[in-house]
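Here is a friendly tour to read alongside the viewer.

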Amino acid sequence: MKIFTFSGGVHPPYRKELTKDQPIKRAAVPENLIIPLVQHIGAPCEPAVAVGDEVKEGQVIGKPRGFVSAPVHSPVSGTVKRVEKVLHPLGQHVLAVSIKRDEKEEISYMKPMGDSIEDLDSKAIVDRVMNAGIVGLGGATFPAHVKFSPPKEKPIDTFIINGCECEPYLSADHRLMLEKPRDIILGAQMIGKVLGVSRIIIAVETNKTNALEVLRESLDSMNTECMVTATKYPQGAEKVLIKALLNREVPSGGLPMDVGVVVSNVGTALAVCEAVRDGKPLIDRVVTVTGNGVKSSGNFLVKIGTPVSSLVEESGGLVGTLGKIVMGGPMMGIAQPNLDVPVIKGTSGILVLQEEKYMKEGYLPCIKCSFCVQVCPTSLLPSRLSIAAEAKNWKLAEEYGVNDCIECGSCSYVCPSKRPIVQFAKTAKLKLREIRARENK
Amino acid sequence: MEKENTTVILSTSPHIKSSETVSKIMLSVIITLLPAVAYSIYQFGLYTLFLYVVSGATCIVSEYVVVRLRKRPFTLNDFSAIITGILLVMVLPPRFPVYGVVLGAFVAIVIGKQIFGGLGYNIFNPALIGRAFLAATYPVHISSYILPRLGADALSVATPLARMKFDGIVTSIEPLFIGMVSGSTGETSAFLLIIGSLYLLIKKYIKWRIPAALFITVFVLGQIFHFINPTRYPQGLFHLFAGGLMIGGLYMATDMVTSPITKRGCMIFGVGIGALVIMIRIFGGLPEGVMYAILFMNAFVPLINRATKPRIFGTGSKNE
């Protein structure tokens with residue numbers, strides 16, 4: 001068995017044993033759901049409903065504005081209570097629709113299109129993906145229909161389903177591959193048809209061999225194969241994965257399609273399958289709720305818009321002194337200010353960590369140990385870069401390639417001085433964008 | 001849910017950190033030095049222990065005073081001042097006067113380290129700055145050596161390198177390796193230094209490319225000169241185990257703060273030091289050149305780092 005990998009990277013404690021053997025459970029649907037109208041990268045949606053409207057499960061409540069956007073659907077049948085700005089998990093305040101669930105359980109899905117790959121029309125699949133509001137479920141939330149419509153001059157030959165799930169703690173994708181292998185493969189083949197690729201690869205890390213077996217048993221087509229990657233972080237980062245599997249490097253500032261590749265998460269493939277075959281829009285997703293801050297960890301099928309607090313309750317409540325609430329994994333996830341934030345399409349996990357000393361400690365000067373240089377998957381010099389950014393020398397940070405940083409956090413993880421290198425990099429990127437905007441004026 | 005959650009921590013990702021810390025690394029360096037330190041006390045007597053204590057204490061006090069003057073928090077727990085104190089004594093002759101050690105330790109911390117901004121910012125290895133200062137201030141004391149307790153009778157008080165340089169007499173390898181010759185306090189046992197540094201190598205606390213490149217360069221160049229004139233120049237192995245090469249190559253050239261961060265940079269740095277050591281030993285006016293070789297290359301580290309930036313993913317020629 002050939003194992004594909006990359007140079008650099010880290011081996012944080014994975015802690016997957018907390019949840020990897022926990023079958024996906026349907027989470028209780030709370031009384032009130034808050035559905036932000038921005039759950040994707042791109043133009044925000046405009047509300048399609050008003051306060052007092054009755055909505056059905058699957059009904060459009062947010063209409064996309066422009067091509068790079070994705071509609072938002074009501075995850076439940078109920079009544080619109082409020083349309084107002086709320087705190088979004090990504091940090092800004094955005095317009096959101098609050099829905100009070102009722103007992104009618106009225107459903108309004110789209111028309112099922114069947115699951116015969118030969119009979120499906122590529123254009124119809126893309127339209128369905130768009131109308132179902134599907135975005136990249138790995139966390140990037142880029143509208144899927146845009147990704148599946150590459151320009152003519154960028155031919156795609158390979159489609160990769162990313163089942164690496166290299167983030168510690170998370171096992172939502174792992175469980176999906178175990179429990180719904182056929183649907184994932186079907187979804188992948190639908191996308192493969194749209195892209196016109198000759199090869200579909202499902203990439204799985206060595207720590208999920210049972211998922212690998214299940215997937216291999218379900219494979220029925222010649223153009224679809226599984227490839228095994230090393231258990232190493234950030235193996236699942238798009239650019240890193242493409243390099244490891246195909247030895248192609250996405251050019252600086254470019255996209256996977258520049259090297260003839262499209263990558264999607266396993267959850268995205270499943271969502272595509274359900275949208276096409278069953279007509280179901282993206283109104284729920286699998287979320288790993290884990291960490292030493294909750295009583296019992298698990299994997300849940302969660303309605304979009306479910307507040308984190310409801311999931312924490314479902315997991316037996318908080319234990320210990322609450323330190324951090326993270327949406328996503330521990331390496332790249334985003335710390336949340338409270339438990340009121342809702343689950344959105346990009347939420348792969350809720351990680352609740354008890355307070356630990358290191359969380360509140362400051363950082364020391366760089367001692368040039370070069371640990372960060374050794375782990376950086378994009379061969380940057382994070383040490384130099386962070387020193388440049390710390391001195392607010394944004395241009396120097398740019399020279400050191402800050403815009404090629406994928407923010408995987410490996411450098412900050414290994415840093416003995418505990419320097420927030422990723423934070424420095426993010427700030428530098430932001431400042432450089434501002435500078436460029438000013439120069440262009 | 002309850003509203004008591006206002007105390008959650010909102011720092012950015014990653015939310016987990018490895019267990020490596022600056023103090024852990026520095027403490028490891030100290031611990032791995034202890035065998036060689038203990039051996040040196042055995043070899044040269046309690047006066048040596050006294051020097052270690054005085055040097056360490058002076059470093060800590062100097063650091064405390066300067067840090068207070070600079071209105072910065074005092075960071076004894078990074079242990080780096082203690083390392084400087086130990087290393088300084090290790091590279092001085094065993095009977096170096098105590099007032100000289102105090103002065104050297106003060107200079108090492110204040111001029112070698114704190115003037116640049118403290119730990120992480122210094123350009124030169126602080127202990128070597130201290131020694132260089134003392135070499136200029138006490139030229140007689142710095143070259144007065146005594147035989148260690150285990151010293152072989154046949155060997156003179158002059159260091160093997162001095163004998164080679166000034167008398168043309170070559171000492172055999174074995175006494176060098178286990179520390180039976182005269183020399184600086186900590187440099188007499190190559191064996192214990194190697195054992196200690198192995199742990200640091202395994203933990204990646206020292207950048208292995210530096211000692212590797214350095215030792216290979218010294219050996220190869222030494223051997224070349226030996227072939228040219230075997231009666232005048234000793235073998236490559238002699239150069240490896242003589243003088244301060246082991247302690248310099250394993251513990252001072254590898255000082256994290258003052259060595260390059262790139263892989264290729266570490267190679268260049270090591271080769272540069274190695275070549276300079278041989279040049280000084282063979283053509284220079286001094287019998288030993290490890291200290292100046294390291295200090296000289298220290299100055300080039302920023303330049304080396306800049307010149308050896310790795311190719312960033314997705315840029316340059318690799319991309320078709």
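Let's start with helix α11 (residues 382-390) of chain A, which is mostly covered, with eight of its nine residues buried. Please keep in mind that this is a predicted model.

**Helix α11 of chain A**

- The buried residues of α11(A) are A:Pro382, A:Ser383, A:Arg384, A:Leu385, A:Ser386, A:Ile387, A:Ala388 and A:Ala389.
- Within chain A, these buried residues pack against α10 (371-375), α12 (394-399), α13 (410-414) and α14 (421-440).
- Just after α11(A) comes A:Lys392, with a positive phi of about 60 degrees.

**Domains of chain A**

- Contact between them involves 12 residues of domain 1 of chain A and 11 residues of domain 2 of chain A.
- On the domain 1 side of this contact there are seven nonpolar residues, four polar and one charged.

**The largest nonpolar core**

- The largest nonpolar core has 220 residues, and those with the most contacts inside it are A:Ile134, A:Leu241, A:Val272 and B:Ile294.
- Helix α12 (residues 263-283) of chain B gives the most to this core, contributing nine residues.
- Leaving aside residues up to four places away in sequence, A:Leu241 touches A:Ile160, A:Asn162, A:Cys164, A:Ala203, A:Gln235, A:Gly236 and A:Val263.

**The five-stranded parallel sheet**

- Five strands of chain A make an open sheet with parallel pairing, in the order β1-β12-β11-β10-β13.
- β1 (3-4) and β13 (261-265) of chain A are its edge strands, each pairing on one side only.
- Two bridges link β1(A) to β12 (residues 224-229) of chain A in the parallel sense, and A:Phe4 has A:Thr229 as its bridge partner in β12(A).
- Helix α6 (residues 238-246) of chain A packs on this sheet, touching β1, β10, β11, β12 and β13 of chain A, and its direction makes about 120 degrees with that of β13(A).
- Helix α7 (residues 266-278) of chain A lies across β10 and β13 of chain A, at about 85 degrees to β13(A).

**The six-stranded mixed sheet**

- Six strands of chain A form an open sheet with mixed pairing, ordered β2-β15-β14-β18-β16-β17.
- Its edge strands are β2 (24-26) and β17 (334-336) of chain A.
- Neighbouring strands of this sheet are turned by 30 degrees against each other on average, direction ignored.
- Strands β14 (residues 284-290) and β18 (residues 349-354) of chain A run parallel and are joined by three bridges; in β18(A), A:Ile350 is the bridge partner of A:Val289.
- Helix α3 (residues 172-179) of chain A packs on the sheet, touching β2, β14, β15 and β18 of chain A.

**Chain B and the contact between chains**

- The contact takes 53 residues from chain A and 36 residues from chain B.
- The chain B side divides into 16 nonpolar, 14 polar and six charged residues.
- B:Arg306 is found in helix α13 of chain B. Is B:Arg306 buried, exposed or partly exposed? With 15 other C-beta atoms within 10 Å, B:Arg306 is partly exposed.

Notes
Residues numbered from 1 in each chain as written. Chains lettered and ligands numbered in written order. Predicted model: local features only at pLDDT ≥ 70, side-chain atom pairs only at ≥ 80, totals over all residues. Pairing = 2+ DSSP bridges. Helix = DSSP H or I, 4+ residues; strand = E, 2+ residues; numbered from the N terminus. Axes fitted to C-alpha atoms, helices over the stretch in contact; angles between N-to-C directions. Contact = placed C-beta atoms within 7 Å. Core = buried A, V, L, I, M, F, W, Y, C linked by C-beta atoms within 7 Å. Buried ≥ 20, exposed ≤ 12 C-beta atoms within 10 Å, placed from the backbone. Nonpolar A, V, L, I, M, F, W, Y, C, P; charged D, E, K, R; others polar.
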